[in-house]
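Reader: I am new to reading protein structures. Please pick one part of this one and take me through it closely, in short steps.

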Amino acid sequence: LTVLVAPGSSSVREIHHSVALLLLDRQTATSERALQLYRQLSAMSREGKGLDAMTEVMSKLTGNIVVVQDKRLEVQAVSWPSNTTVDRDAVIKALQQRDALPPVLRNRKAAAKARQSYWQQLLTIDDSPTPMGRLLSPIISGDRARGYLSVIGPAGELDMFDSLAVEHGAAACALEMAKTKAVNEAKKSLRGDFLEGLLAGS
């Protein structure tokens, strides 16, 4: 319960104005923190730090579980706060159920066109000591979703910064996944050229 103490001479209009300014300042500061997170994650991708290091940063800043999954819902990276008591295997199992995705995200092309940038869900986890919430954002590269980023924590504690973190984090993960895909395709091309050369020389 928030208690506001104001001078007796203050009018309702003055109080409303002051509260509005306070909330605006807080929202601006939170948005700036999220943008700083995106810049940090993008720099980590350019430096070749990889998804594991990126999820570690997101987890430390949000204080929540952070999971990156590919298009098949296979876990690519996960960071787990030391004070989390929920069962790890149960969380991963819940995340790998495609039916648990919002309907629009089950189609990767539709996910890329969705106007909504993140979704909020309750996770069904057996024997969890507290209801767990999930903030979910598709990782978009090109015309389709290449994977999914989740920030998971106690349902009543996920806040504005968490929602912005999953949104900006997904954008940074898209850069990393696109880079990895380009490298893998280049390697395949080189292997193909090498085999062609061997066959031509035989």
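Author: Start with Ile-140, whose bridge partner in β5 is Ala-145. This is a predicted model, so treat each position as a prediction. The two strands here are β4, residues 132-141, and β5, residues 144-154. β4 and β5 pair in the antiparallel sense, over 10 bridges. They form a hairpin, with two residues between them. Gly-142 sits in that turn and has a positive phi of about 75 degrees.

Look at the charges next. Arg-144 and Asp-143 form a salt bridge, with the closest N and O atoms 3.0 Å apart. Arg-144 has a relative accessible area of 22%. The cut-off for buried is under 20%, so Arg-144 counts as partly exposed. Asp-143 is partly exposed too, at 42%.

Now follow β5. The strand is mostly covered: eight of its 11 residues are buried. Within it, Val-67 stands opposite Ser-150 in β5.

Go back to β4 and look at its other pairing. β4 pairs with β3 in the antiparallel sense over five bridges. Leu-122 has Gly-133 in β4 as its bridge partner. β3 covers residues 119-123 and has two faces. Trp-119, Gln-121 and Leu-123 make up the covered face. Gln-120 and Leu-122 make up the uncovered one. Why does the list skip every other residue? In a regular strand, side chains alternate between the two faces of the sheet.

The largest nonpolar core has 25 residues. Among those with the most contacts inside it are Ile-139, Leu-149, Met-58 and Leu-37. The largest share comes from α5, with nine residues. Another core lies apart from it, with 11 residues, including Val-67 and Met-132.

Met-58 shows how the parts meet. Leaving aside its neighbours within four places in sequence, Met-58 is in contact with Leu-37, Leu-41, Val-66, Leu-149, Ala-165, Gly-169 and Cys-173. The backbone oxygen of Met-58 also lies 2.9 Å from a polar atom of the side chain of Thr-62.

Thr-62 is worth a stop. Thr-62 lies in helix α2, residues 50-62. Its relative accessibility is 14%, so Thr-62 counts as buried. The side chain of Thr-62 reaches the backbone nitrogen of Asn-64 at 3.2 Å. Not counting residues up to four places away in sequence, Thr-62 touches Val-151, Phe-161, Asp-162 and Ala-165.

Finish with the other charged pairs. A search of the whole structure finds four salt bridges. One of them joins Glu-32 and Arg-39, at 3.5 Å from N to O. Glu-32 is partly exposed at 33%, and Arg-39 is partly exposed at 47%. Glu-47 and Lys-49 form another, with the closest N and O atoms 3.2 Å apart. Glu-47 counts as exposed at 53%. Lys-49 is partly exposed, at 47%.

Methods. Residues are numbered from 1 along each chain as its sequence is written. This is a predicted model: local features need pLDDT of at least 70, side-chain atom pairs count only at pLDDT 80 or more; totals for chains, interfaces and linings use all residues. Side-chain values use heavy atoms; hydrogens and water are left out. A salt bridge is a side-chain nitrogen of Lys or Arg within 4 Å of a carboxyl oxygen of Asp or Glu. Buried means under 20% relative accessible area, exposed over 50%, partly exposed in between (1.4 Å probe, protein chains only). Helices (H or I, at least four residues) and strands (E, at least two) are DSSP runs, numbered from the N terminus. A polar contact is a pair of N or O atoms within 3.5 Å; within protein, one must be able to donate a hydrogen and the other to accept it, and residues adjacent in sequence count only if both atoms are side-chain atoms. Contact means heavy atoms within 4.5 Å. Two strands pair if DSSP finds at least two bridges between them. A nonpolar core is a set of buried Ala, Val, Leu, Ile, Met, Phe, Trp, Tyr and Cys residues joined through side-chain atoms within 4.5 Å.
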